[in-house]
Amino acid sequence: MSQPTYDVVAIGNAIVDILAEADDAFIAEIGVAKGSMQLMFSAEDADALYAKMGPGHEVSGGSAANTVAGIAALGGKCGFIGQVADDQLGQVFGHDIRAAGVHFDTAVRAGDPTTARCLIFVTPDGQRTMNTFLGASQFLPERALDLSLIADAAILYLEGYLWDPEEPRAAMRAAIETARKAGRKVAFTLSDVFCIGRHGGDFRALIADGMIDILFANEGELVALAEVDEFDAAVAKLAAQVPTLVVTRGAEGAIAVQAGSRAEVAAEPIARVVDTTGAGDLFAAGFLHGQAQGKGLAESLKLGAICAAEIISHVGARPTVDLKAMVAAKLG
């Protein structure tokens, strides 16, 4: 087996986030559970909600894209595969991810729909409520995959959000097959409880078939996938099925279980939580970077906690400081 050139190559939704402040009354008015993510199935719905937003701040996003941007900021070598349209937001996304140091050359998609956008309302407590129009990202075809890029990465990272549409689901299955044949690891993030509600059977089958090496979940996603209400019982059940299980618990930190060993990390203290958008994505960035660099379980968790703390201290899901220098200062 050849040595990989890339640390991580991710496949995910190519999205531009539009963030605005909102109060709890507005969240109730639009009928979305606070702190959750809902899909919008038409550009018209997205336009109507956008018209209700206050002043917005645009920043490229997408769960897996945020993760590889974070890894690149830590000094890792990454690639991203995702579909944008031939429009202004598609140009913004492509520019931002390349500027972050991530290899990205997926061909743009002509015609409708537009590039994906996520309308994010941030309440005073820092919680984000996301409303996502998947647009062009849900039409990522298998032919758009750079199979040589996937085979040349130590870790293939996939997001559960992209499992919903049929076309990218088939593409991700092909990517998993390519990575396994090349002897690479496959990491998967469950993304949201609603993804498990729709595709839990698929996710459990992937795990049962030994297709997932590193599984990321938050506490709610963990118990939903395990179909066990008690946290430790859910951890025990899934840790027995995947080589590495990582579970984030918000202010309570995170745990990981790998080859029977369990490690825990506390959440990094920060002055104020501004916006939780991307916290899980950047935690995954720190953890995967640590694993790609041969770090132990505890140190990989610590890297994840440091990256997550940076991202929730400001608006947006991409780092705004020198993440590599921050980690060096905190770890010594």
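How many aromatic pairs does the count come to? The count comes to 10 aromatic pairs. The model is predicted.

**View A. Phe26 and Phe121 form a tilted aromatic pair.** Their ring centres lie 4.9 Å apart. Phe26 belongs to helix H1 (residues 24-30) and Phe121 to strand E7, so the pair links distant parts of the chain, 95 residues apart. Phe121 is buried, because its relative accessible area is 1%. Phe26 has 14% relative accessibility and therefore also counts as buried, the cut-off being under 20%.

**View B. Phe80 and Phe93 form a tilted aromatic pair.** The centre-to-centre distance is 5.7 Å. The angle between the planes is 50°. Phe80 sits in strand E5 (residues 78-81) and Phe93 in helix H4 (residues 88-99), so the contact ties together parts 13 residues apart in sequence. Both Phe80 and Phe93 are buried. Ring pairs also bring in Phe104, giving a cluster of Phe80, Phe93 and Phe104.

**View C. Strand E7 (residues 116-122) is mostly covered.** Seven of its seven residues are buried. In a regular strand, side chains alternate between the two faces of the sheet. Here Ala116, Cys118, Ile120 and Val122 point one way. Arg117, Leu119 and Phe121 point the other way. Residues of both sets are buried.

**View D. Strand E7 pairs with strand E2 (residues 15-21) and with strand E8 (residues 128-133).** The pairing of E2 with E7 is parallel and runs over seven bridges. Leu19 has Ile120 in E7 as its bridge partner. The pairing of E7 with E8 is antiparallel, over six bridges. Leu119 stands opposite Asn131 in E8.

**View E. Strands E7 and E8 form a hairpin.** Five residues lie between the two strands. Gly126 is in the turn. Its phi is positive, about 90°.

**View F. The charged end of Lys77 sits over the ring of Tyr6.** The distance from the ring centre is 4.9 Å.

**View G. The charged end of Arg109 sits over the ring of Phe139.** Here the distance from the ring centre is 4.5 Å.

How values were computed:
Residues are numbered from 1 along each chain as its sequence is written. This is a predicted model: local features need pLDDT of at least 70, side-chain atom pairs count only at pLDDT 80 or more; totals for chains, interfaces and linings use all residues. Side-chain values use heavy atoms; hydrogens and water are left out. Buried means under 20% relative accessible area, exposed over 50%, partly exposed in between (1.4 Å probe, protein chains only). Helices (H or I, at least four residues) and strands (E, at least two) are DSSP runs, numbered from the N terminus. Two strands pair if DSSP finds at least two bridges between them. Rings of Phe, Tyr and Trp (its six-membered ring) pair if their centres lie within 6.5 Å; planes under 30 degrees apart count as stacked, over 60 as edge-to-face and the rest as tilted. A charge sits over a ring if NZ of Lys or CZ of Arg is within 6 Å of the ring centre and within 35 degrees of the ring normal.
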